Amino acid sequence: MKGIVSICCFFSLLVLALAEEEVEDVLSHILRDRSHIDETLRLASEENAAEHYHGFKYFDSWGCPIPHLKYIDSWGCPKPLGAAIQKLRKIYHSAIKPMEQAYKYNELRAHEISDGEITSKPMVLFLGPWSVGKSSMINYLLGLKDSPYQLYTGAEPTTSEFTVIMHGEKTRSIEGIVMAADSSRSFSPLEKFGQSFLEKLIGIEMPHKLLERVTFVDTPGIIENRKQQERGYPFNDVCQWFIDRADLIFVTFDPTKLDVGLELEMLFRQLKGRESQIRIILNKADNLATQDLMRVYGALFWSLAPLINVTEPPRVYVSSFWPFDYAPDTSRELFKREEISLLEDLNQVIENRMENKIAFIRQHAIRVRIHALLVDRYVQTFKDKMSYFSDPDLVFKEIVDDPDKFFIFKSILAKTNVSKFDLPNREAYQDFFGVNPIGSFKSLSAQCSYSGGCLLDKIEKAITSELPGLLSSINPGKAPPGLSSCEATGCGDKPKNRYRKN
């Protein structure tokens, strides 16, 4: 009897083992191979990373490759890259920030740059309608399937928060209030959107090779029948904050959500001027036959054409970005090539993070300089039109209401070679001077000192020589053409420093 029981137990265990092997075989056929992700993004092994970074085998919290302790500077980066970060920060604080503060640029664009933003990793932003696969795509890129911290996905609207996925020593979630209170992070300026928004902001830290080099931001899906006030916070303003800081923006659609409503139209208005960072993703493409996919692709361009007013449209990637295998009888090879092209695009942004950061700071400096020139012109015009018997309020109201009558904007274009496409809206200065009296600003010629020099001299030097020189130093032999040209940068008339000896 005992022998019979033993034989029965043996056969039961054998059947269970075979069943487990069959289940594993089925799962291996269902789940997609992710090896190409590691290979394309140089994450396959430490040896590949070391080869790509010339022997740097480890990464610091900023994503900088670390070779050996003796080659690391005080910033925790290899000395060439760490020195560039330190110099970029110095240029901003010495040449750009004083002009920002003197002419209150942050009150015009509400864009304050912190030290955490200067030293932050590249940011990849995911935007689009609800349930198009934004969260599933992040889960797929990071391999979070069935992990405790995979982003929740579903056919219904699932993501109601702004979720920031970043690198950390251990896996944990961080409340938005904590993220905003930490000045060392780049998210402290988000406090201005109120406590209701901070409750909808979540951070997830995890040890991951890709997150050592990039940060992902998942956003709530756009629901066209929802009013803005129902969200409880300024959704468009928050999106604009992330758009201004994103290095790459994935706008995701699927074949069932190609219609453009008011909220999506507003989103594309906010993306104006950032076309080079935009990538359109037609997700879940393996749900369609080839002929239907061609029709959907054309319908997508038809819907987006009125919203993207550029000669060259953004790159469109057509694939299915989630952990499971492609549907049978679909264009598997096409989808695989599209996915690899997207990964190469992402890797290019990661590798060029320092160049992009310098270009971003330089673009910001040009905007600050244009704002200062305009405010200076308003101040000069106000002083010229004032007389002993004039009413200051009426005189300035006339100038602000009709700046073209006094050639405010045209005079800037004529004297400084500033592109008309870089000029802010005239209406923005009505609101700006409604809060900031004209008497609170000095002219640019008065913003000079014997020891510190002129503010305009400093910011123009940063735009025309210091920032391009810094860019050349991290790319030896690749001097960027035209960056130091006055006509390209908009350098022009400079106020004389009356304290400087000739």
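1. Two strands are taken to pair if DSSP finds at least two bridges between them. Helices (H or I, at least four residues) and strands (E, at least two) are DSSP runs, numbered from the N terminus. The model is predicted: local features need pLDDT of at least 70, side-chain atom pairs count only at pLDDT 80 or more, and totals for chains, interfaces and linings use all residues. Residues are numbered from 1 along each chain as its sequence is written, and side-chain values use heavy atoms, with hydrogens and water left out.

2. Strand S4 (residues 162-167) pairs with S6 in the parallel sense over six bridges; within S6, Ile202 stands opposite Thr163.

3. Strand S5 (residues 172-175) runs antiparallel to S6 and is joined to it by four bridges. Arg172 has Glu205 of S6 as its bridge partner.

4. Of the six residues of S6 (residues 201-206), five are buried, so the strand is largely enclosed by the rest of the structure. Buried means under 20% relative accessible area, exposed over 50%, and partly exposed in between (1.4 Å probe, protein chains only).

5. Helix H12 (residues 290-304) has 15 residues and spans 21 Å from first to last C-alpha, close to the 21 Å expected at 1.5 Å a residue; the expected span is 1.5 Å times one less than the number of residues.

6. Leu293, Val296, Leu300 and Leu304 of H12 are buried. Viewed down the axis of H12, its buried residues fall within an arc of 60°, so they line one face of the helix. On the other side of H12, Gln291, Met294, Arg295 and Trp302 are exposed.

Terms used
Arc of directions from axis to C-beta.
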